[in-house]
Amino acid sequence: MENPLITEPLFSIGPVPITAPVLGTWAIMAVLMAGALWLRRRLTSQPDRVQTVAELLVTTLDGQIRDTMRRDPAPYRSLIGAIFVFVLVANWSSLIPGMEPPTAHIETDAALALIVFVATVYFGVKTQGLRRYLASFAEPSWVMIPLNIVEQITRTFSLIVRLFGNVMSGVFVIGIVLSLAGLFLPIPLMALDLLTGAVQAYIFAVLATVFIGSAVEGGHAPSAAEKQESSS
Amino acid sequence: MTADLVQVVSILSAALAVGFGALGPALAEGRAVAAAMEAIARQPEAAGTLSRTLFVGLAMIETTAIYALVVALLVLFANPFV
Amino acid sequence: MTIDWWTLGLQTINAVVLIWFLGRFFFKPVSAIITERREAAQAELDRAAQAVATAEAERQAVQSDREAFAAVRTSLLEDARAEAKVERERLMKLAEEEAQSLRSDAEVRLKRQRADAQAALLEDASDLAVGIAQRLVSRLPEAALVGPFVEGLAGAVGALPAGVQEAIGRDGPALVRAPRTLSDTERQRIQEALSAALGRPLNLRVEVAPDLIAGLELEAATASVRNHFAADLSRIKAELITHG
């Protein structure tokens, strides 16, 4: 059986080895960018079906961000929304024959979680100022400083591992079942994989929102989602 | 022989990790679904919010089992002692 | 477990590029158009609300106009009613006054007529009394017409003030009126009585005046002493008229 934890380079451009997830990400990026450009050209004030779907997506996203952060969603919309769309499309790309989802490889998830981590620090410093952002680590007392720092790292790791584990396990299980039966039997598992992929994309986006929100709000009480996260 | 032993132990421990790691989340998911069903039966108009929250919670709980699976895969495929 | 750092770096760059691109070309325009349409809808709603407000204001203006008309009509009616009332009262007062004046006029006239009638009645009565007295006197003896009045005349002359007494008979004989021609004895008696009353001798000139009925009258320059029936009757008559 193929080792799911190791990615083999397909080819290399100069010194840079290009692996399958990078190639898949490029394909997804190309599709998304083309779709965005195509949609942008046909944006009118009289929305057709596609534009309505896009607007529904953006409106729902704004509502979610506003509910979670109680702030104007405009600065965070593109980050959260792009992460959600990319993770969703990447998770669902397992339906395409011969395509392995880029999120089934830990490097992609690590890259996304890294971006979320950097964005957390960036928005926290930008909104509160460096001193107050650093002071928020001493909440509720200075004893909690190491714990808070460790929490920043562990929650990023849990973000990585959650997405990676879910998608990778789905791919792996389907691979095993496929090697056993081949026909029809993987279909329910693929359906479950779709559901898991959508839910994981949603969870990834929500957790990113919660992290950024808690960094922006400073010493406020953590929301319910963050409690769930720290307990899992 | 030693390498064989390590492999045997690795497979055993991977199976144990997945088995016991799946135990807790299975119970937890059962309780969560039961509570959600009860809540929906009591308040059918809140079914949308409840089921959305249920799915998110289930995914969170399932993550624990996924952690165990990841550990098992690490033991199987990325064992540093093999 | 190994992590391919090249892949990690490439994926990070990819994700950043994707986030930027989608933010630039998808989320921003879509959000902008949503905002634009929401604002347009809001503007439309505002316009509609304004139209509704305008219509409402117009309706209220019409309503207030109608109310003003109604108020004017009511006040006109009130005025007319009040005017009519005043006019009626004035007319009633006028009529009342007229009636009052008519009644008082009638009363005055009635009173005057009654007074006239009474005066006429009294006149008649006094005439009747005079007539009765004349008839009665004519049945008396001739002597009785003069004789009993001599003493009374003398007494009255004696009661006159001294200045008046002196004036009697100073310029010639004093005039004495009698109802008939006096006899000599009667003339003598009168002369004696008057002389005694005055305390000096007095010449007499006698004049006949049947109006006296009975009695005597002494005429002097400044005074006349009447002691006869005619004077008594006229006094009674005057008293009757003033008291009647």
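A: **Inside the core**

Leu22(C) touches Leu32(A), Ala36(A), Ala82(A), Val85(A) and Phe27(C), leaving aside residues up to four places away in sequence; contact here means heavy atoms within 4.5 Å. Before going on, please keep in mind that this is a predicted model, in which local features need pLDDT of at least 70 and side-chain atom pairs count only at pLDDT 80 or more, while totals for chains, interfaces and linings use all residues. Residues are numbered from 1 along each chain as its sequence is written, chains are lettered from A and ligands numbered from 1 in the order in which they are written, and side-chain values use heavy atoms, with hydrogens and water left out.

Now to your question. The largest nonpolar core has 69 residues, and those touching the most other members are Tyr76(A), Leu79(A), Ile80(A), Ile212(A), Leu22(C), Phe26(C) and Phe27(C). Such a core is a set of buried Ala, Val, Leu, Ile, Met, Phe, Trp, Tyr and Cys residues joined through side-chain atoms within 4.5 Å. Buried means under 20% relative accessible area, exposed over 50%, and partly exposed in between (1.4 Å probe, protein chains only).

Two or more residues each come from helix H1 (20-41), H2, helix H3 (74-92), helix H4 (106-128), helix H6 (145-180) and helix H7 (186-217) of chain A, from helix H2 (47-77) of chain B, and from H1 of chain C. H1(C) gives the most to this core, with twelve residues. Helices (H or I, at least four residues) and strands (E, at least two) are DSSP runs, numbered from the N terminus. Apart from this core lies another, of 26 residues, among them Val137(C), Val150(C), Val176(C) and Val225(C).

In helix H2 (residues 49-69) of chain A lies Asp62(A), which is buried at a relative accessible area of 11%. Asp62(A) touches Pro73(A) and Arg77(A), again not counting residues up to four places away in sequence.

How confident is the predictor? Chain C averages a pLDDT (the predictor's confidence in each residue, from 0 to 100) of 83, and 96% of the residues score at least 70. Within chain C, confidence is highest in helix H1 (residues 5-138), at 90, and lowest in helix H3 (residues 162-167), at a mean of 74. For the complex, the predictor gives an ipTM of 0.82 and a pTM of 0.62.
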